[in-house]
Amino acid sequence: MQQYPRYREPAADFSDALLVIRDYHAHFFTLCEGLTQLVEAIELQAISEDFGEQARQLRHDFMAAFALHHHDEEHTLFPCVKHSSRLALDEILRQVEAEHLEIDLVWNWLMPLLQDTGQIHDYTQFSHALRQFVQLLQRHIDSEEQALLPEIEQLLTPAQRQRIGASMQRDRLTGFVW
């Protein structure tokens with residue numbers, strides 16, 4: 001069984017929940033760069049011996065980050081702002097949650113192939129799905145950064161954001177996902 005390095009927490013500061021979310025967004029962009037490198041290797045027909053290991057490592061890192069980030073958003077942050085007096089925010093939250101489902105659908109197709117690249121029979125289809133996933137995730141993050149987080153920033157006080165950030169940190173210490 002493959003051993004992966006311990007997951008490195010992307011959030012540098014839990015004193016503000018929105019900082020945690022933004023740190024994860026930056027981390028996802030870095031992981032997307034890794035997937036883009038896999039796509040480029042496929043397109044250049046330069047798949048090396050470490051291709052499978054890179055794919056498995058990216059799968060591992062994405063899985064850990066998704067679990068924590070989705071928990072942070074959907075179970076810790078979003079419930080604190082849902083059903084606010086801001087109807088626009090509730091609509092944005094519905095859209096974000098729908099995008100999470102769409103991202104999960106593509107990810108669930110990719111996950112087994114990233115784990116076992118020997119199962120890839122059509123590299124063109126695989127590289128197209130990787131590219132689609134990267135674009136979908138980046139567009140989603142941009143949407144959250146431009147529409148969702150500014151709304152939440154206006155709604156929550158610094159003290160509320162600090163309490164939510166502390167809750168996110170406690171979740172990691174108690175190992176809710178692991």
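Visitor: Is E53 buried or exposed, or something in between?

Guide: In this predicted model, E53 is partly exposed, with a relative accessible area of 28%. The cut-offs explain the label, because buried means under 20% and exposed means over 50%.

Visitor: Which side chain does E53 meet in a salt bridge?

Guide: The general idea comes before the case. Side chains of opposite charge can pair when their charged atoms come close. Here E53 meets R56, at 3.6 Å from N to O. Both belong to helix α2, and they are separated by about one helical turn because they are 3 residues apart.

Visitor: How many salt bridges does the structure hold?

Guide: The structure holds 9 salt bridges. Among them are bridges with shared partners, which join E9, D72 and R172 into one network.

Visitor: Which parts of the chain does the salt bridge between R161 and D16 link?

Guide: The side chains of R161 and D16 meet at 3.0 Å, N to O. R161 is in helix α5 and D16 is in the segment before α1, 145 residues apart. R161 counts as buried at 12% relative accessibility, and D16 is buried too, at 14%.

Visitor: What is the accessibility of E43 and of R131?

Guide: E43 is partly exposed, with a relative accessible area of 47%, and R131 counts as partly exposed at 33%. The two form a salt bridge in which the closest N and O atoms are 2.7 Å apart. This pair also links distant parts of the chain, with E43 in helix α1 and R131 in helix α4, 88 residues apart.

Visitor: What is the nearest side chain of opposite charge to D61?

Guide: That side chain is R8, 8.0 Å away. D61 is buried yet has no salt bridge; a bridge would need a nitrogen within 4 Å of a carboxyl oxygen. D61 is found in helix α2. Apart from neighbours within four places in sequence, D61 is in contact with Y7 and L31.

Visitor: How is a pair of aromatic rings described?

Guide: The description uses the distance of the centres and the angle of the planes. A search of the whole structure finds 10 aromatic pairs. One of them is F28 with F62, whose centres are 6.1 Å apart and whose planes are at 20°, so the pair is stacked. F28 sits in helix α1 (residues 17-43) and F62 in helix α2 (residues 51-81), 34 residues apart. Both F28 and F62 are buried.

Visitor: Which kind of pair do F62 and F133 form, stacked or edge-to-face?

Guide: F62 and F133 are edge-to-face, at 5.6 Å centre to centre with 75° between the planes. F133 lies in helix α4 (residues 123-155) and F62 in helix α2, so the pair ties together parts 71 residues apart in sequence. Ring pairs link Y24, F28, F62, F66, W107 and F133 into a cluster.

Visitor: Which residues touch the most other members of the largest nonpolar core?

Guide: Of its 52 residues, F62 and F133 do. Helices α1, α2, α3 (87-115), α4 and α5 (158-174) each supply at least two residues of this core. The most come from α1, which gives 12 residues. F133 has a relative accessible area of 0%. Not counting residues up to four places away in sequence, F133 touches L35, F62, F66, I103, V106, W107 and L110.

Visitor: Where is T117 found?

Guide: T117 is in the loop between α3 and α4. T117 is buried, with a relative accessible area of 13%. Beyond residues up to four places away in sequence, T117 touches F51, G52, A55 and Y123.

Technical notes:
Residues are numbered from 1 along each chain as its sequence is written. This is a predicted model: local features need pLDDT of at least 70, side-chain atom pairs count only at pLDDT 80 or more; totals for chains, interfaces and linings use all residues. Side-chain values use heavy atoms; hydrogens and water are left out. Rings of Phe, Tyr and Trp (its six-membered ring) pair if their centres lie within 6.5 Å; planes under 30 degrees apart count as stacked, over 60 as edge-to-face and the rest as tilted. Helices (H or I, at least four residues) and strands (E, at least two) are DSSP runs, numbered from the N terminus. Buried means under 20% relative accessible area, exposed over 50%, partly exposed in between (1.4 Å probe, protein chains only). Lys and Arg count as positive and Asp and Glu as negative; His and the chain ends are not counted. Contact means heavy atoms within 4.5 Å. A nonpolar core is a set of buried Ala, Val, Leu, Ile, Met, Phe, Trp, Tyr and Cys residues joined through side-chain atoms within 4.5 Å.
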